[in-house]
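Take a first look at the chain and its fold. Then read on for a short tour, from the inside out.

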Amino acid sequence: QLVESGGRGVQPGDSLRLSCAASGRAFSSYFMAWFRQAPGKERIFVAAVHRSGGHTAYDESVKGRFTISRDNAQNMVYLQMNSLQPEDTAVYYCAAGRDWSMDQSFYTYWGQGTQVTVSS
């Protein structure tokens, strides 16, 4: 089970950290990722982190602004988001999968999502 938290309304330029708590003992065996879905649009890849946390990948739209990390001892995944812009407004989903991919079809477990709204 994956449970996201941390989403809220912020202003352009603000920072926000999303958290994802995972249950189960096999957390470190999963690749973890964040996806987002803006109103009226498809869900898209944001960032992924390797099982060990030593390798990450980002969509070009967030590279340099967002940072994904994980704490395998705490079964947690984080998404630090800086310099937020209105186009970052979306529901953000945490996902777990057995394959390293930016394709959401490779991810087996999903959280319920947390809303991030960036508006002045």
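This is a predicted model: local features need pLDDT of at least 70, side-chain atom pairs count only at pLDDT 80 or more; totals for chains, interfaces and linings use all residues.

Start with the core. In general, nonpolar side chains in soluble globular proteins tend to be buried together. Here the largest nonpolar core has 27 residues. Which of them touch the most other members? They are M32, W34, L79, M81 and Y92. At least two residues each come from β3 (16-22), β4 (31-37), β5 (43-49), β7 (66-71), β8, β9 and β11 (114-118). There is also a second, separate core, with seven residues. Among them are F45, A57, A95 and Y107.

Take M81 to begin with. Beyond its neighbours within four places in sequence, M81 is in contact with D14, S15, L16, L18, R65, F66, Y92 and V116.

Y92 sits in strand β9. Is Y92 buried or exposed? Its relative accessible area is 0%, and buried means under 20%, so Y92 counts as buried. Setting aside residues up to four places away in sequence, Y92 touches E4, L18, W34, F35, R36, V46, F66, L79, M81, G113, T114 and V116. One of these partners is also a polar one: the side chains of Y92 and R36 make a polar contact at 2.9 Å. Y92 and S5 are 87 residues apart along the chain, yet their C-alpha atoms are separated by 9.4 Å.

Compare that with R43. This residue lies in strand β5. Its relative accessible area is 24%, which falls between the 20% and 50% limits, so R43 is partly exposed. Leaving out neighbours within four places in sequence, R43 is in contact with F35, R36, Q37, Y93, Q104 and W110. With Q104, the link is a polar contact between side chains, at 2.9 Å. R43 and L16 are 27 residues apart along the chain, and 20 Å separates their C-alpha atoms.

Next, move to the loops. The loop between β8 (76-81) and β9 (90-97) holds D88. What is the relative accessible area of D88? The value is 0%, so this aspartate is buried. Not counting residues up to four places away in sequence, D88 touches R36, R65, F66, S83, V116 and V118.

S83 lies in the loop between β8 and β9. S83 is partly exposed, with a relative accessible area of 36%. Its backbone stands out on one count: S83 has a positive phi of about 50 degrees although it is not a glycine. N75 also has a positive phi, of about 55 degrees, and it is not a glycine either. N75 is found in the loop between β7 and β8. N75 is buried, with a relative accessible area of 16%.

Finish at the largest pocket. How big is its volume? The volume is about 150 Å³. Its lining is made up of R36, Q37, A38, K41, E42, I44, P86, E87, D88, T89 and A90. By class, four lining residues are nonpolar, two are polar and five are charged.

Methods
Residues are numbered from 1 along each chain as its sequence is written. Side-chain values use heavy atoms; hydrogens and water are left out. Helices (H or I, at least four residues) and strands (E, at least two) are DSSP runs, numbered from the N terminus. Buried means under 20% relative accessible area, exposed over 50%, partly exposed in between (1.4 Å probe, protein chains only). Contact means heavy atoms within 4.5 Å. A nonpolar core is a set of buried Ala, Val, Leu, Ile, Met, Phe, Trp, Tyr and Cys residues joined through side-chain atoms within 4.5 Å. On a 1 Å grid over the protein atoms alone, a cavity is a set of points where a 1.4 Å probe fits but cannot get out, and a pocket is an open set with protein on both sides within 12 Å along at least five of seven lines; lining residues have an atom within 4 Å of a point. Grid points are joined across faces, edges and corners, and a volume is the space filled by probe spheres set on the points. Ala, Val, Leu, Ile, Met, Phe, Trp, Tyr, Cys and Pro count as nonpolar, Asp, Glu, Lys and Arg as charged, and the others, Gly among them, as polar. A polar contact is a pair of N or O atoms within 3.5 Å; within protein, one must be able to donate a hydrogen and the other to accept it, and residues adjacent in sequence count only if both atoms are side-chain atoms.
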